[in-house]
Amino acid sequence: MEVISVSDGNLVLPGAMFFDGLPQDELDSILTPLNISRAQVEPPCNVTLLRHEDRVVLFDAGSGDGFMPSAGALIDSLDAVGVAPDDITHLVFTHGHPDHLWGVLDDFDDPVFTNAEHMMGQTEWDYWTNPNTVNTIGDVRASFAVGAARRLEAVEDRMSFFSDGDEVLPGIMAHATFGHTPGHTSFEVRSGTDALLVGGDAIGNHHIAFARPDWASGADQDPDLGAVTRARLLDKLSQEKITLLGFHLPDGGVGRVERKDSGYRFVSENM
Ligand SMILES: [Zn+2]
């Protein structure tokens, strides 16, 4: 198995989305050493590419052109490692947020990954294709619901579905990490004694998510469940010494999780 982190660019988000309502003194002590601005965060977007036997597997489709000018670089990044969209055999989604899903269609609303079987957790699919989701998700994310439903409808005939614990593809196990979205899934990839977790957004940043995993995050649709999931995952990754590839973590997103004080820290491997 070969795993490569390919960049889709980065997001530009208001710091308030992450930092409002948190204990401000402790927040400063976490952010200042890491040089993180409170006003604005610019998380990178790391898409996981996996080659195994005759399969070329992509985890998430990136943002495409329609979400943010700073994102949508995936096709160029794939090209740089010699992979064309047609080469992808399986497109496996962690969840249905714009920076993970909207890249499935091009500017003409045609599928980008024409030869790929598209795969999503059944719970996540049911949520975004439920016509009532736009009414329950809240004003801030209403456009996410509309955008996801339209794109999923366009690729419905390419879709297959999985549940928690399923072997999605040989050596790749679905691991339910609900909270960031109702059906968010991470993937445990195993080859011999090597293990890697394609984490998606279950551990969504390298600062407060590691230092204070128990703090509710405004980035999670269910902040309380997101915090429980994050704590469980960080414990597992540090105990079992599993490498993490996080979608929004720095330096390509690959690294290990170490205990630090009462929390954790991310030690990037700098791929
Ligand atoms: Zn994301």
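The side chains of H90 and T89 are joined by a polar contact of 2.8 Å. A polar contact is a pair of N or O atoms within 3.5 Å; within protein, one atom must be able to donate a hydrogen and the other to accept it, and residues adjacent in sequence count only if both atoms are side-chain atoms. This is a predicted model, in which local features need pLDDT of at least 70, side-chain atom pairs count only at pLDDT 80 or more, and totals for chains, interfaces and linings use all residues. Residues are numbered from 1 along each chain as its sequence is written, and side-chain values use heavy atoms, with hydrogens and water left out.

Stay with H90. This residue is found in strand β6. Strands (E, at least two residues) and helices (H or I, at least four) are DSSP runs, numbered from the N terminus. H90 has a relative accessible area of 12%. That makes H90 buried, because buried means under 20% relative accessible area, while exposed means over 50% and partly exposed lies in between (1.4 Å probe, protein chains only). What does H90 touch, not counting residues up to four places away in sequence? H90 touches R55, V56, V57, L58, A116, E117, M119 and L169. Contact here means heavy atoms within 4.5 Å.

Now move to the sheet around H90. Strands β1-β4-β5-β6-β7-β8, in that order, form an open sheet of 6 strands with mixed pairing. Two strands pair if DSSP finds at least two bridges between them. At the edges are β1 (2-10) and β8, each pairing on one side only. From one strand to the next, the twist averages 25°. Axes are lines fitted to C-alpha atoms, for helices over the stretch in contact, and angles run from 0 to 180 degrees between N-to-C directions.

Strand β4 (residues 44-52) and strand β5 (residues 55-59) run antiparallel, joined by 5 bridges. L49 stands opposite L58 in β5. Strand β6 (residues 90-92) runs parallel to β7, with 3 bridges between them. Here L91 stands opposite H118 in β7. On to β8 (residues 159-162): β7 pairs with β8 in the parallel sense over 4 bridges. H118 stands opposite M159 in β8.

Why is strand β7 (residues 117-121) largely enclosed by the rest of the structure? Because 4 of its 5 residues are buried. In a regular strand, side chains alternate between the two faces of the sheet.

Next comes another sheet. An open sheet of 7 strands has the order β9-β10-β11-β12-β13-β14-β15, with mixed pairing. Its edge strands are β9 (167-169) and β15 (263-268). Each has a single partner strand, so one side of each is left without a neighbour in the sheet. Neighbouring strands of this sheet are turned by 35° against each other on average, direction ignored. β9 and strand β10 (residues 172-176) run antiparallel and share 2 bridges. L169 has I172 as its bridge partner in β10. L169 is also one of the residues that H90 touches.

Finish with a helix. Helix α9 lies across β10, β11 (185-191), β12 (194-200), β13 (243-246), β14 (254-260) and β15. The helix runs at about 100° to β14. A231 is found in this helix, α9 (residues 223-240). Is A231 buried or partly exposed? At 33% relative accessibility, A231 counts as partly exposed. Leaving aside neighbours within four places in sequence, A231 is in contact with P213 and Y264. A231 and L245 are 14 residues apart in sequence and 17 Å apart in space, C-alpha to C-alpha.
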